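Open your viewer and get ready to select a few residues by number.

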Amino acid sequence: MKKLIILLLFTLVWQNVEAQVATRWRATVQTDGGALPFGLEIKPTKNKNKFDVYVLNASERFKTDEATLEGDSLIIPISLFDAEIVAKKNAQSLVGFYRKNKGRKSYIESPFQASLGYLNRFRTNKMAIRGNATGKWSVNFINAETQKASFAVGTFQQKGTIVTGSFLTTTGDYRYMDGNIVGDSLFLSTFDGSHAFLLKAKVDGDKITGKFFGGIKGSKIFEAQRDENASLPDLGKITYLKEGYERFDFSFLNEKGEKISLSDDAYKGKVLVVQILGSWCPNCMDETNYLVPFYKKNKARGFEVVGLAYEKSTETEFFKQKMALLRKRFGIDYQLLNAGVNSSESASQSLPSLNQVIGFPTTIVLDKKGDIRLTHAGFSGPGTGKYYTEWVHEFESKIDELIKE
């Protein structure tokens, strides 16, 4: 009887949600750095025991697959990234786990919990603000054991206690970092089912030092220096046609088992973007979210896109399943090809005419003659603000120029 009463009360709470503008929760997953917070928005659908769920990071509302209430447990699948959240629910809380690589022999699992109401990402207090994170930063992530450093450019905006921004690297950005200043302490995080990043650091004038936790396990020393001139290497010169090769070409199978090559009639005399991607890669999804509507708008002008997918397996059914998820989520109607497994080494080996592929995504633009006119390693997505806007302007200007040639 007690369980029945709880379940009835639980159902009433969810039914009443429709009267609210939004049902927002402050959620956390446990990492080596402690609780990593993010926002959840959970709204009922017209289907019984089904819910629309959005993961909230700064201005992003990342939609998961449709969630299902089974008994007293809410199951939130994130199929694109082989992840899920499963939690028991009462009127004010969710308690359960986050699991990555669902269905595989080796997977990551971490405690998850959420409470109704989402005001601040990190717990703030009435301490006076003693740090200013706004601006551009020269950043090093340092492995404590090897002392090997990886470089990034940090870009942040601070409004009161709220800080948002991202880190730019040669292999893509860290997407929507979101957090708070508490006194002189800076706390930032992001979570999308694949990325799980947490920063805990002190702001001391033009320096920020602390620890960065990437994923559920592991951490790096974090050092940043305010530097308005901080910049990455030229991302257009990292990948290029090898000496001795006259043309970039490839031949891979699509979902139907058809062999697709750049020499096919479908691409002759057209401006072509080759998108090197993986469905597991959030930065690739940011790029895809931009490319799909741009392609549909410009296809009639003699513009094409082909995606080379590097997945966790090249097995045919696995590839077809992942591409179906991509097509459904983004409305992709250009070719997606089974090019290899998800590593830069695999991508480099499968495309021998290129000097290297260092990360995902990598974008290659060919003119109407099939010559490479532009390459770009990584992708600065909308979480990077003006850097995304600048990339869009440069890309669209170049495509327009090539179409008119």
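Across the whole structure there are 25 salt bridges, each being a side-chain nitrogen of Lys or Arg within 4 Å of a carboxyl oxygen of Asp or Glu. Remember that you are looking at a predicted model, in which local features need pLDDT of at least 70 and side-chain atom pairs count only at pLDDT 80 or more, while totals for chains, interfaces and linings use all residues. Residues are numbered from 1 along each chain as its sequence is written, and side-chain values use heavy atoms, with hydrogens and water left out.

Select E60 and R175 to begin. Their side chains form a salt bridge at 2.5 Å, N to O. E60 sits in strand 4 (residues 60–63), and R175 lies 115 residues away, in the loop between strand 13 (172–173) and strand 14 (177–182). Helices (H or I, at least four residues) and strands (E, at least two) are DSSP runs, numbered from the N terminus. Both E60 and R175 are buried, where buried means under 20% relative accessible area, exposed over 50%, and partly exposed in between (1.4 Å probe, protein chains only).

Next, pick D400 and R301, whose closest N and O atoms are 2.6 Å apart in another salt bridge. D400 belongs to helix 5 (residues 386–404), and R301 to the loop between helix 2 (282–298) and strand 22 (303–311).

Now move to strands 7 and 8. Strand 7 (residues 83–89) runs antiparallel to strand 8 (residues 93–100), with seven bridges between them, and a hairpin of three residues connects the two. Two strands pair if DSSP finds at least two bridges between them. Look for K88, whose bridge partner in strand 8 is V95. On to strand 9 (residues 108–116), which is antiparallel to strand 8 and joined to it by eight bridges; here R99 stands opposite E109.

Last stop: select F38, F112, F250, V274, L308 and L351, the residues with the most contacts inside the largest nonpolar core, which has 82 residues. Such a core is a set of buried Ala, Val, Leu, Ile, Met, Phe, Trp, Tyr and Cys residues joined through side-chain atoms within 4.5 Å. A second, separate core of 21 residues includes A133, Y174, I181 and A224.
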